[in-house]
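I wanted a first set of notes on this structure, written so that someone new to it can follow along. The entries below record what I looked up, in the order in which I looked.

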Amino acid sequence: MDDVQAIRCLKRGDIGGLEILIARYQLKAIRTAFLITHNESAAEDVAQDAFIRFFEHARHFDEQRAFRPYFMRSVVNLALNLVQKESKGLQFSGDDDTSQLEVLLARAVSVETQVEFSQLSHEMLEILFKLSPRQRAVIVQRYYLEMSENEMAEALEIAPGTVKWLLNAARTRLREMLGVERSAR
Amino acid sequence: MNKKTSSQVFDTAARNHIPDSVDLAPRILAHIQEKKRALMQSHLKIILAVLTVILLFTVLMIGWPTVAQALQRLFGYLPGVGVVDLSVEPRKLAEPVSQTRDGITLTVESAILSADLTVIEVKVEGIPASAYPPESTPIGQRQMCSSPVFLRLPDGATLEMVVRSNQALLSSAFGAAESKNTWTLEPVPTNIKTVTLVMPCILGLKPGAAPENWEVPLRFVSVNANDSAPGAPSQLPVATQAIPTPTLATPAAGTPTQVVTASEIKKLTECDTSCSWPVWSPDGRYIAYTNGDLQALWVMDADGSNPRLLSSIARRFAWSPDGTQLAIISVGRLFVIHPDGTGLLALNETASDWAAPVWSPDGKRIAFLASDGNQPRLSSIDVDGNNLRSLYNQPHEMLDLFFWLPDNRQIAFTTQICRGNPMKCIDGLKLIDIDGSGLQSLHAGENMSLQSLSQDGKQAYINERTGEDEVFYRVNLDGSGTAQLAALLSEQYPQISPDGTRITCNSSDGYFEIMNLDGTDRRTLVKQAIVGFSSWWPDGKRIAFVSEIQGEYQLYVINADGSGLVNVNAANHPGYSDALPVWSPDGLHLAFVSSPLSTDQDKSQIYIVDLPH
């Protein structure tokens, strides 16, 4: 059952549709929230809140929208709101320079040993949590959720008929086409 | 260690804090259960009771089989089951089966088995109220059974649950002594006639509060068999019409479908993992595409020769109007480069990859989103890196698509701002001069999407969704007005022809349709097309689209009048699907991506086929 079918179940009042979505996205959602909040318990609360909000408004969900980016954006926003509320007055590293993190990430992607990888990932999280919440959210969206054209690449690995993916790919394409067509004038 | 993606790196790092075993489902379901209980007011119960009596009366008057058959005729699916694959003869439970333990009776009332799923209805009676978690326990701390049931085959293999309609959890809010459950599980192989339903515990009850580890033997027979107990679910309604397999319409009766075979199709390249949608250079000489998880940007000649890596990470890119340069956004930097890899020039180091850069029509400036970690702002810069201008930035407002008007002096862009709880989002289409002055709001509304631009770039086509209705508008980008066009119902992915006269869309029943902009002269081109993959030929006379045939995507081309169907039987290799068609600027060639369906093999390929006028 793909996301569209699960959401349709949910719209019909079948709670099983929500369970499908929870099973499929909860880990990603909790880890996303954790990477932004730096708090395991808060991360679970954020993910739970996001699922419940979606459940309550599922009937209005536009099936033309891809669920995953929509939902993950909701998780990011909830996590961001929470951590910004709780971090009022706290200071973060001023310049929000993410280059060091990106260098570590580039190394971690191709590192050869588990030991080195563990060390790098530890350092990455340390640097990540020193960034402002908003910058954390940007990094998480870019490198963890890969929220851009990569949605298409990811979706190519799942079963056909996943209309959500198709719609998302189409939107990506629209963006590309607009860029190209406009630039062609 | 194997090479990881950036997402995997973060996932592994986060796993130390958030283990794989975390399960939010019980907490969330408990929360929903609590809310349901609060909502179930007495007057609602009365209304439900009245409706139930009316329904029962109707059924008694005209008989359940009549009602069921009427439903079948109406919907063509198995009532209570949904749309199923009836390519093999469906089966049913031979007879209801009950077990009673400690006063609790579990009855498997019915089952329907199709080629693609198994649906089982189970009633549980005699549940003591004390078996439910006490309501005084805070939500989230309630311990309750949520272990899924499964089917055990004679050889010990198991079939897992796919969907659980879990009224048991919800009925516990009312302390119900009886609950009904409908479970959808993986399909039972056709040669298996008996299985065992295994229920580790009764859903929604406190662990240990009721007998656990239920095992109920089930036997299945053909739905046409007449061997079930009288009055038992032998009368479970079964659709008599098979679900149609994907078939193409015959738009031009008597005209055979032309098939372009694999020998006429040329493979241009193979990606490490996934290829993105190929993007032709405006002069048709090159094709750009991204490859792999980090989206490395590659360019090759249009015949597939000379593939070269331009950037190891390129989230966004755009060809210059003359095709001699690409603007690329990579890790926060905007730069330009020639397609042969020379002439690299960094323009800006605060570029956001939320949106692709957009060249001005004269090729002298580039619009992009700039961000220093805060809200991205619409900006523009000369192609030599001079004259950076910040054009638009409003707190909490997301910028999405933007494009230059033909006079190079204005930029139109879409925005979205969300507020409130529950959140409400307003989309907008705005216009601004390139010096940042003269801001105009051209259109605003909920669920608005920019669909396309007119060929002269002076008008934008947008659609707005309200409930089930989807209305199209044409917006004059000089601010002189908006005209309403077709109003459709639940259509998906409309695409307007390049000449702005016709719309194609996928109807809710999967048909690929074409109509005038005002909704008149509506016709079905084909009966089965995959949403989102159609592509108009540059002159608006032909359309490429993707249809699903036996689980694989195949590429087709059809004339806008419904004639001349061509099956680009592209890859012609099992396990691959063809999608993402895009025409060359001269309309002579069609490039597309062929991708594997399984996760075992993940190398996409880009192909090209010549389709002369």
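**Entry 1: an arginine in a loop.** I began with B:R409, which touches B:I432, B:D433 and B:I434 when residues up to four places away in sequence are not counted; contact here means heavy atoms within 4.5 Å. I placed B:R409 in the loop between β25 (397–404) and β26 (410–419) of chain B, where helices (H or I, at least four residues) and strands (E, at least two) are DSSP runs numbered from the N terminus. At 56% relative accessibility B:R409 counts as exposed, the terms being buried for under 20% relative accessible area, exposed for over 50% and partly exposed in between, with a 1.4 Å probe and protein chains only. I also noted that B:R409 and B:D435 are 26 residues apart in sequence and 8.4 Å apart in space, C-alpha to C-alpha.

**Entry 2: ground rules.** I am reading a predicted model, in which local features need pLDDT of at least 70 and side-chain atom pairs count only at pLDDT 80 or more, while totals for chains, interfaces and linings use all residues. Residues are numbered from 1 along each chain as its sequence is written, chains are lettered from A and ligands numbered from 1 in the order in which they are written, and side-chain values use heavy atoms, with hydrogens and water left out.

**Entry 3: the two chains.** For chain A I found 9 helices and 0 strands, and buried residues make up 61% of its 185 residues. Among contacts in chain A between residues at least 6 apart in sequence, 69% join residues at least 24 apart. Chain B comes to 5 helices and 43 strands, and 52% of its 613 residues count as buried. In chain B, residues 24 or more positions apart account for 47% of the contacts with a separation of 6 or more.

**Entry 4: the nonpolar cores.** Which residues have the most contacts inside the largest nonpolar core? In this core of 61 residues they are A:L35, A:F71 and B:F10, a nonpolar core being a set of buried Ala, Val, Leu, Ile, Met, Phe, Trp, Tyr and Cys residues joined through side-chain atoms within 4.5 Å. Helix α2 (residues 15–37) of chain A gives the most to this core, with 12 residues. Apart from it lies another core, of 35 residues, including B:A131, B:L159, B:I202 and B:F220. I then followed B:F10, which, leaving aside neighbours within four places in sequence, is in contact with A:L35, A:L105, A:M124, A:L128, A:I139, A:Y143 and A:Y144.

Entry 5: The axes of helix α6 (residues 114–130) of chain A and helix α1 (residues 6–15) of chain B come within 10 Å and cross at roughly 85°; axes are lines fitted to C-alpha atoms, for helices over the stretch in contact, and angles run from 0 to 180 degrees between N-to-C directions. The two helices α6(A) and α1(B) are therefore roughly perpendicular to each other, since angles of 65 to 115 degrees count as such, under 35 as roughly parallel, over 145 as roughly antiparallel and the rest as oblique. From α6(A) the contact uses A:F117, A:S121, A:M124, A:L125 and A:L128, and from α1(B) it uses B:V9, B:F10, B:T12 and B:A13.

**Entry 6: a helix pair within chain A.** Helix α1 (residues 3–11) of chain A packs with α2(A) at an angle of about 140°, their axes being 7 Å apart. That makes α1(A) oblique to α2(A).

**Entry 7: an open sheet in chain B.** I traced 4 strands in the order β12-β43-β42-β41 of chain B, which form an open sheet with antiparallel pairing; two strands pair if DSSP finds at least two bridges between them. At the edges stand β12 (265–270) and β41 (576–583), each with a single partner strand, so one side of each is left without a neighbour in the sheet. The twist averages 30° from one strand to the next. Between β12(B) and strand β43 (residues 605–610) of chain B I found 5 bridges, and B:I265 stands opposite B:V609 in β43(B).

**Entry 8: a threonine in a strand.** Is B:T196 buried or exposed? B:T196, found in strand β9 (residues 194–199) of chain B, is buried, with a relative accessible area of 18%.
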